[in-house]
Amino acid sequence: MGSQPIPPTQRKRILRVIFISLLLDLISFTFILPLFPRLLEFYRNLDAAQGSSNTILSRILVALNAYKQSFSRPISDRYDVVLLGGALGSLFSLLQAIASPFIGSLSDKYGRRTALLWSMAGNIASVALWVAATDFRTFLASRVVGGLSEGNVQLATAMAADISDEKQRGSTMALVGACFSIAFTFGPALGAALANVETVVANPFATAAGFSLFLIIIETIYLYLYLPETLPSSREAESRNGPITKPEATAKPHRRTNSYLLLNFTHFVFILFFSGMEFSFPFMTYDLFAYSSSQSGRLLGFIGLLASILQGGVTRRLPPLRAIQFGVISCIASFFMLGRLTTETGLWTAASLLAITTSTVVTGLNTLSSFEAAESERGGKMGNHRSWGQVGRALGPLLFCTLYWWAGRDVAYAAGGAGMLGVCALVFGGLKAPSGPSSAK
């Protein structure tokens, strides 16, 4: 037996709050993505101008150059800042992997709203540090604080599951996924435009950082004013005007269809290969077609736009397991195409297949994960699920690009395709369609 269903008007209102707040959060988050090359170049030049050779940044660059020199084929200095950006991205993902289970468990104990507002406090501190980052050390601190405090995505997913029944779950998760696609389509372009407006000489990116901080503050105020508690036990307690009681004391045991270990491992392996491919994209398009950063940005924007359309029109109507299967097959095809393509037409065709993958796989896995968790453990279980994916995102770029430079594009993408075949075996041979909450066996 689950919690009492939420009235349709209240559910619609909560969904609107989740969607708007998550969209604000992700647009703010994506501001920095196109700025990494210029931003890190700025800090590197600042170190050089100060004549310091013992800073955190200089030590990181020495380590990255030692890594780069270990390959048999030369790697252009053009990629130094790209590698540094990748290292910072891996650090952020690793910190997320550590923090996500704790944030989820806290939301089960103290409520989604409370956990989210504390997470927003950390986000505000992180972006405020970026505004004040006139040196690399402060900027690095902002990324560390952000990695340890960012909980919006997993909590939005948990809240979406809290207010959805079995029939609504897939379409609700697709709505959360659509926020990603919309934000990654427009956020980077807006961030790049704001970076051209210089208001603080000591930090040329203060305008973009300041507007990002403005969005985060607006989001926090909006959540404080309009987001109710969605944790089922809290809702039931409010309806009785009595103390919160754990639902498992009166509810029948939750029957699981899929092993959580299998779901988490599938998520990890998929993100491991997919994130490696994502990170290699700028290298590959530059090597083959001499793409500039703006051309690569347009290609990624096309993927995001197409993914958002698919999530709104197709993914939300598909059963979650079918969506995962469809996306993994598309990903396999795109990997093998990327390893052999010689024309821009082939590149954009492969990008279209990746948009299908982007719009389906993670959304479907999150949906399956939400089905397998009992109401009292949903935050923690989904936090663990996200943690496994973040470990894959931390390791994927390093391992994939190492293979890319050691063995070449053909071998790297063939290996990625083979890895996705393994994911395909897990998806088709291991995962099952959810049965939903039911009585014990």
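Me: A charge sits over a ring if NZ of Lys or CZ of Arg is within 6 Å of the ring centre and within 35 degrees of the ring normal. With that in hand, which ring does the charged end of Lys 381 sit over?

Reply: Happy to start there, keeping in mind that this is a predicted model. The charged end of Lys 381 lies 5.3 Å from the centre of the ring in question, which is inside the 6 Å limit because that limit applies to NZ of Lys. The ring belongs to Tyr 260.

Me: And how far is the charged end of Arg 169 from the ring centre of Phe 371?

Reply: The charged end of Arg 169 sits over the ring of Phe 371. For Arg the atom that counts is CZ, with a limit of 6 Å. Here the distance to the ring centre is 4.9 Å.

Me: Let's step back to the whole fold. How many helices does the protein have?

Reply: The protein has 441 residues, and buried residues make up 54% of them. Of the contacts with a separation of 6 or more, 84% join residues 24 or more positions apart. In secondary structure there are zero strands, and the helices number 16.

Me: How many residues of helix α7 are buried?

Reply: Helix α7 runs over residues 152-162 and is mostly covered. Its buried residues include Asn 152, Gln 154, Thr 157 and Asp 162, along with Val 153, Leu 155 and Met 159. Out of 11 residues in α7, the number buried is 11.

Me: Now for the rings. Is the pair of Phe 265 and Phe 268 stacked, tilted or edge-to-face?

Reply: The structure holds 18 aromatic pairs. One of them is Phe 265 with Phe 268, at 6.4 Å centre to centre and 35° between the planes. Stacked needs under 30 degrees and edge-to-face over 60, so this pair counts as tilted.

Me: What kind of aromatic pair do Phe 270 and Phe 274 form?

Reply: These two also lie in α11, four residues apart. Phe 270 is buried at 2% relative accessibility, and Phe 274 is buried at 6%. Their centres are 5.3 Å apart with 15° between the planes; that angle is under 30 degrees, so the pair is stacked.

Me: Which residues touch Thr 266, leaving out those up to four places away in sequence?

Reply: Thr 266 is another residue of α11. At 1% relative accessibility it counts as buried. The residues touching Thr 266 are Leu 365, Val 423, Leu 426, Val 427 and Leu 431.

Me: How many nonpolar residues are in the contact of α11 with α15?

Reply: Helix α15 covers residues 378-407, and its axis comes within 6 Å of that of α11, crossing at roughly 35°. The crossing is right-handed. Besides 10 polar and five charged residues, the nonpolar count in this contact is 20.

Me: And how many polar residues are in the contact of α14 with α15?

Reply: Helix α14 (residues 344-372) and α15 have axes that come within 9 Å and cross at roughly 145°. The contact is made by Leu 365, Asn 366, Ser 369 and Ser 370 of α14 and by Arg 378, Lys 381, Met 382 and His 385 of α15. Two of these residues are nonpolar and two are charged, while the polar ones number four.

Me: One last stop, Ser 21. How far apart in space are Ser 21 and Ile 221, C-alpha to C-alpha?

Reply: Ser 21 is found in helix α1 (residues 8-30), and at 6% relative accessibility it is buried. Beyond its neighbours within four places in sequence, Ser 21 is in contact with Glu 219, Tyr 222 and Leu 223. Ser 21 and Ile 221 are 200 residues apart in sequence, yet their C-alpha separation is 9.9 Å.

Notes: Residues numbered from 1 in each chain as written. Predicted model: local features only at pLDDT ≥ 70, side-chain atom pairs only at ≥ 80, totals over all residues. Heavy atoms only, no water. Phe/Tyr/Trp six-rings, centres within 6.5 Å; stacked < 30°, edge-to-face > 60°. Buried < 20%, exposed > 50% of the residue type's maximum accessible area, 1.4 Å probe, protein only. Axes fitted to C-alpha atoms, helices over the stretch in contact; angles between N-to-C directions. Left-handed = near helix turned anticlockwise from the far one by under 90°. Nonpolar A, V, L, I, M, F, W, Y, C, P; charged D, E, K, R; others polar. Contact = heavy atoms within 4.5 Å.
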